[in-house]
Amino acid sequence: MKKIPIIPVPVDEAELALFEERKKIYMRSQKGWFQSWRWVLVFFTQILFYGSAWLTWNDRQAVLFDLVNRKFYIFGLVLWPQDFIYLAVLLVISALSLFLFTAIAGRLFCGYACPQTVYTEIFMWVEAKIEGDRNARMKLDQAPMSFNKLRRKSTKHFIWLAIALWTGFTFVGYFSPIQTLASEVLSFSLGPWETFWFLFYAFATYGNAGFMREQVCKYMCPYARFQSAMFDKDTLIVTYDTERGEPRGSRNKKVDFKAEGLGSCVDCGICVQVCPTGIDIRQGLQYECIACGACIDGCDQVMDKMGYERGLIRYTTEHALTEKMTKDAMWKRVFRLRTLVYGAILGLIVLLAAVSLAYRIPLKVDVIRDRAMPKITEVGAIENVYRLQIMNTQEAARNFQISVKGIPGATIVNEAQVSIKAATSMAFPVRVRVPAGAAPTGSNRIRFVVSDSESANISVTEKAVFLVPR
């Protein structure tokens with residue numbers, strides 16, 4: 001049999017790049033104005049996250065999302081499933097905030113407050129303290145296994161796991177009372193769902209912040225993909241000033257670089273070494289950039305050492321660069337009509353939500369008429385039976401008075417006053433009697449009025465139908 005020759009097919013380099021093995025990023029530590037702000041946000045977000053779960057309010061956990069009992073406690077506010085509208089408002093506020101901040105200054109949330117950024121910063125700080133800075137970590141990874149390497153790696157992962165487990169425990173503590181949860185963890189009596197979410201969230205924190213890091217920002221986060229739709233030429237972005245920096249090249253500090261035909265960039269690579277996603281900002285804005293400002297701090301330090309003016313890499317806009325605007329002119333265009341409209345809509349929604357919460361009546365009533373046919377008494381009166389679901393959203397037991405209106409002479413036969421415990425919902429059967437001839441046959445509109453016996457301002461009216469048989 002004649003052999004058919006195999007002709008090698010050329011493989012496109014771009015196709016090969018899709019399968020390129022990930023190169024570990026060794027981020028270099030640096031200090032600066034933006035790095036300081038990042039750590040301020042790290043401390044603020046973590047104090048808020050870890051601390052809020054332990055606060056108490058009226059002898060209960062201050063912030064608790066009790067899914068089992070379908071009640072959300074947020075300090076003095078108790079929200080029920082019927083308050084779902086506030087969740088929708090919160091999502092709208094979050095979306096508008098994202099649009100506003102992105103239109104003004106790009107991915108500020110990603111660079112300073114995103115959980116992925118925050119926990120990666122914490123884990124990398126632990127890594128640097130145990131294994132050393134960038135060069136030391138590179139040497140340690142390349143070195144053969146030894147007792148020193150095993151000790152350092154084991155210590156690092158032990159601390160990482162401790163942070164991840166505490167994070168998972170705190171997360172579950174917002175859905176199950178955290179003090180009860182702590183006793184269950186210590187006694188090894190944690191329930192199946194608490195165990196699952198505790199370990200799942202801990203595993204996600206450990207994996208994302210310890211190993212995946214920039215891959216989450218590059219490949220998993222959808223924000224990186226659609227952020228360009230919210231940018232324009234007046235959006236503040238981290239930018240390398242090509243006109244000032246090029247042509248780049250190394251030089252002696254004492255040499256007049258302009259006479260040598262060089263730009264301000266000394267091609268030191270610091271901006272790449274300090275970048276958490278490993279990009280070179282000198283190649284222009286890339287979707288991997290999380291706008292953390294680390295390259296700005298790194299470049300400014302080099303400019304200070306060389307005696308050059310700061311700002312070779314800086315927050316600026318495309319218009320400011322091309323038109324050589326002053327800072328005042330640039331900021332005037334940053335706060336343009338688009339951002340002002342976003343801000344006005346956002347402020348209006350926040351104001352309306354705050355007013356709605358402030359005037360929210362802490363009482364909810366649902367009325368359902370019983371399916372049974374109306375009852376005719378011996379004296380000819382008509383009775384209909386209803387089921388009233390009354391929710392007391394206050395954190396104190398209250399007495400409520402029930403009355404009925406709409407038909408002359410309509411009265412409540414059974415108990416017209418009920419007592420409901422704090423933050424509790426209860427159902428009550430209510431029999432409404434109408435005198436003979438007081439209402440025409442068929443459906444008649446009536447209204448149930450439920451009022452707080454101790455507060456005249458707390459009252460809810462619900463409509464219902466009273467049936468009179470032929």
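**Close-up 1. Pairing of β3 with β4.** Two strands are said to pair if DSSP finds at least two bridges between them. In this predicted model, β3 and the strand β4, which covers residues 71–74, pair in the antiparallel sense over 4 bridges. Within this pairing, Phe-65 stands opposite Phe-72, a residue of β4.

**Close-up 2. The sheet that contains β3, β4 and β5.** The 3 strands form an open sheet in the order β3-β4-β5, and their pairing is antiparallel. The edges are taken by β3 (63–66) and β5 (77–79), each of which has a single partner strand, so one side of each is left without a neighbour in the sheet. On average, and with direction ignored, neighbouring strands of this sheet are turned by 10° against each other. In general, strands of a sheet pair through backbone hydrogen bonds, in either a parallel or an antiparallel manner.

**Close-up 3. Surroundings of Cys-221.** A search of the whole structure finds 0 disulfides. Cys-221 is accordingly in no disulfide, and the nearest cysteine sulfur, which belongs to Cys-110, is 5.3 Å away, whereas a disulfide requires two cysteine sulfur atoms within 2.5 Å. The relative accessibility of Cys-221 is 23%, so this residue counts as partly exposed.

How values were computed. Residues numbered from 1 in each chain as written. Predicted model: local features only at pLDDT ≥ 70, side-chain atom pairs only at ≥ 80, totals over all residues. Heavy atoms only, no water. Helix = DSSP H or I, 4+ residues; strand = E, 2+ residues; numbered from the N terminus. Axes fitted to C-alpha atoms, helices over the stretch in contact; angles between N-to-C directions. Buried < 20%, exposed > 50% of the residue type's maximum accessible area, 1.4 Å probe, protein only.
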